[in-house]
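Thanks for coming. I will go through one model this morning, starting with confidence, then the core, then some backbone details.

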Amino acid sequence: MNELTIKLKTGDEIKGVLTRSFKYQDTDLEVLTEENKETLVFSLDEICYIRFLSPPAGIGRGGRGTLEEVQTIAGETFQVTVPANGKFLKGFLGLLPGESNQTIFFTDSGVRYRQDARYTGQILHDQGLVSTDKLEAALKLQEEQAHRGDDAAILLADAVDEVDPHEAQRHEMHHARVGDILVESGLVTREQVEAAFKSQKGKKLQVGELLIMKGLITEEQLLSALATKFRLRFVDLETVIPSEAALGAISEGLATRLRVFPISLEGRKLVVATCAPTDLTIGDNLRFSTNFAPELVVAPSRQILAAIDKYYRNRVETVDTLLNAMKGEAESVTIEEEVDDTRLLFEPDSKIISLVNRILIDAYRRGASDIHFEPGAGNEPLNIRYRIDGECVHAHKVSASYKGAITVRIKIMADLNIAERRRPQSGKILLRYRQQMLEYRVEITPMVGGREGAVLRLLAASKPLPLAGLGLLSHNLERFIDILDKPHGIILCVGPTGSGKTTTLHSALGHINTQERKIWTAEDPVEITQAGLCQVQVNAKIGFNFAEALRSFLRADPDVIMIGEMRDAETSKIAIEASLTGHLVFSTLHTNSAPEAAVRLIEMGMDPFNFSDALLGILAQRLAKRLCAACRKPARDQRQRYDEVVAALRQIAGDREGVIPDFKEANFMKAVGCEECAGTGYKGRIALHELMVGTEKVKVAVRRGVGMDELRSIAMDEGMWTLKMDGLVKVLRGETDLEQILKVCM
Ligand SMILES: [Zn+2]
């Protein structure tokens with residue numbers, strides 16, 4: 001008769017009789033219950049252990065086995081002999097001591113820990129890792145220490161600081177005392193342990209860590225001793241490739257906090273590497289947070305941290321992992337596309353929340369400036385595209401079933417009305433990512449068929465670049481610094497949207513941002529933050545525009561004022577007047593070239609005398625694609641290309657001096673394409689500049705109200721290089737190629 005008692009994970013006990021034999025590969029068992037005489041099937045996943053009155057067929061008592069201590073997740077601890085042939089697919093057998101022949105089948109997922117009852121030193125010796133001499137010496141030393149009962153033993157007992165003292169008392173010695181294990185295994189002497197511990201008294205460090213710090217043992221030696229003791233596998237993470245499902249089961253945050261790394265997930269079994277096998281709370285924590293049954297394996301902390309870095313931090317496909325994990329469920333979720341009833345709009349579940357978070361972070365990591373959520377009609381999927389380096393690229397595709405939930409999630413994050421689906425809405429999302437606060441400006445636009453598109457502009461609260469990092473040719477850098485050092489006047493940065501004007505102005509402000517200066521900025525939006533600046537976000541909705549901000553600044557004792565944009569005549573007029581009354585004023589304008597900006601302002605009704613007096617300089621700029629530094633290759637026909645560039649420069653600059661670079665400077669490169677740049681050959685962008693300095697001759701020309709061509713010619717006589725000239729020099733230096741320059745400069 002196969003009488004048994006089943007202990008469920010819930011703590012309930014069921015007595016009964018097996019109705020069919022229990023075999024190695026079984027995942028469930030059928031039992032005729034004693035109480036109700038009914039036949040029930042239990043999955044091994046819901047069982048903690050099964051206690052048999054006599055061992056199941058095929059398991060003899062006589063054979064060799066190891067003595068182990070096993071604790072179940074229900075909290076009971078057993079001393080059992082684990083026979084060599086006692087391993088089953090979903091668990092293992094342990095024989096209870098005594099004549100009763102009682103046998104326990106422990107499910108793998110029901111075990112909190114198991115450990116070999118032998119001394120670690122004995123295990124290492126049995127495995128041939130420690131010599132008999134060394135082991136005997138260590139054991140003798142340990143015995144002497146025990147007889148003396150000195151402080152060292154107490155110190156060592158305290159050394160495992162993560163153990164609850166009550167629990168340690170209850171289970172006596174089963175918590176591995178790291179110091180003892182190391183002494184037992186002959187890796188160090190007790191004196192070394194004691195000395196190491198005394199030198200760190202008062203600090204919460206484990207003896208093992210201390211010994212590693214002191215160079216007496218390696219972490220690998222310590223972990224291999226502990227792994228053996230706790231019957232855990234020791235793995236080399238460098239040779240392991242984690243499964244996508246496992247990575248999806250543990251978040252980066254949890255992995256970092258617990259210092260663990262997930263390896264595989266099969267059914268409910270989640271294999272996870274830890275570097276702290278003595279810390280039983282790790283398994284408990286994983287069981288609780290992931291709802292899977294963790295199987296711990298041991299790996300060095302160095303490898304765990306490297307794996308977290310490799311597979312979470314630098315992974316661009318994290319979003320895909322999550323999407324893959326969600327694929328299976330997609331069919332079961334349905335959202336009514338055309339429904340107006342807000343009761344049907346639900347709070348998105350945690351998967352949607354983490355998916356949206358990951359998309360926002362993924363976009364930031366990939367250097368995107370915008371994220372486009374584009375819901376397809378009907379059952380078409382949701383397309384997510386990123387704008388990177390000025391171009392939209394496909395990023396992710398999400399099953400149609402999640403479209404509504406994702407939009408709702410974005411609205412909730414941006415504090416928008418989730419019930420409003422017919423009008424456009426805008427808001428912003430703040431997201432903490434590591435040490436930074438990321439800001440996204442959200443624009444929700446209703447589309448036909450009840451769909452809503454969302455565009456998120458990423459305003460990474462970035463730090464200003466130093467002036468030298470802007471990529472100004474030295475010719476321009478010197479002249480630019482020269483005008484920045486003037487006490488008052490107006491400096492303009494011009495170019496189309498997305499040409500990097502704000503970046504340049506902030507670098508300029510950074511250059512003059514000193515204790516003695518009061519600097520006000522009015523921006524829309526504030527994209528770059530700088531300590532020492534008083535930055536103000538204008539808000540057109542409530543009538544707080546640039547002109548209003550400017551007037552307010554002038555009453556607030558400024559030295560330097562930055563106005564995000566001179567959008568209208570009123571703002572421009574106040575800005576120019578401010579620069580004439582002892583302030584340094586910075587602003588931007590949407591014009592194509594530096595001379596055009598000057599001409600345009602006069603056309604807008606600015607007083608030519610006032611403006612020319614105030615003018616310090618106008619910097620026009622453009623962004624062009626940069627050749628990927630990882631794969632660009634020198635072009636073979638350097639001479640031929642040099643001649644072409646010189647001819648092009650001559651055509652623009654005529655006979656002006658100092659424009660033609662020497663052939664020795666030629667370093668033409670060409671695009672190749674590699675993994676880094678997604679095969680395009682280009683990565684990131686470079687800025688092209690055109691700096692018109694307000695010299696005496698330029699001022700006179702502005703006052704005279706000359707046309708654009710004449711002003712350009714005069715400015716070039718005064719040392720201005722046009723955008724295209726600047727670009728050609730950068731082609732010659734191998735930063736980009738001619739094709740890209742011709743694209744952005746007419
Ligand atoms: Zn490349």
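The mean pLDDT of the protein is 82, and 81% of its residues reach 70 or more; pLDDT is the predictor's confidence in each residue, from 0 to 100. This is a predicted model, so local features need pLDDT of at least 70, side-chain atom pairs count only at pLDDT 80 or more, and totals for chains, interfaces and linings use all residues. Residues are numbered from 1 along each chain as its sequence is written.

Over residues 145-176 pLDDT stays under 50, and the model has 40 contacts beyond four places in sequence for them. A contact here is a pair of residues whose C-beta atoms, placed from the backbone, lie within 7 Å. Residues 330-345 also stay under 50, with 15 contacts beyond four places in sequence.

Now the core. The largest nonpolar core has 81 residues. By nonpolar core I mean a set of buried Ala, Val, Leu, Ile, Met, Phe, Trp, Tyr and Cys residues joined through C-beta atoms within 7 Å. Buried means 20 or more other C-beta atoms within 10 Å of the residue's own, exposed means 12 or fewer, and partly exposed is in between, with C-beta atoms placed from the backbone. The residues with the most contacts inside the core are Ile-490, Leu-550, Ile-561, Ala-575, Ala-594 and Ile-618. Strand β26 (residues 615-627) supplies the largest share of this core, eight residues. Helices (H or I, at least four residues) and strands (E, at least two) are DSSP runs, numbered from the N terminus.

What does Ile-490 contact, leaving aside neighbours within four places in sequence? The partners are Ala-575, Ile-576, Ser-579, Val-585, Ala-614, Leu-615 and Leu-616.

Next, the backbone. Most residues other than glycine have a negative phi, and most peptide bonds are trans. The bond from Asp-524 to Pro-525 is cis, with omega near -5°, and Pro-525 is in the loop between β22 (519-523) and β23 (533-537).

Asn-291 is not a glycine, yet has a positive phi of about 65°. Asn-291 sits in the loop between α11 (280-290) and β14 (293-298), and is exposed, with 10 other C-beta atoms within 10 Å. Asp-557 likewise has a positive phi, near 50°. The loop between α18 (546-554) and β24 (560-563) holds Asp-557, which counts as exposed because it has 8 C-beta neighbours inside 10 Å.

Note on methods: Contact = placed C-beta atoms within 7 Å.
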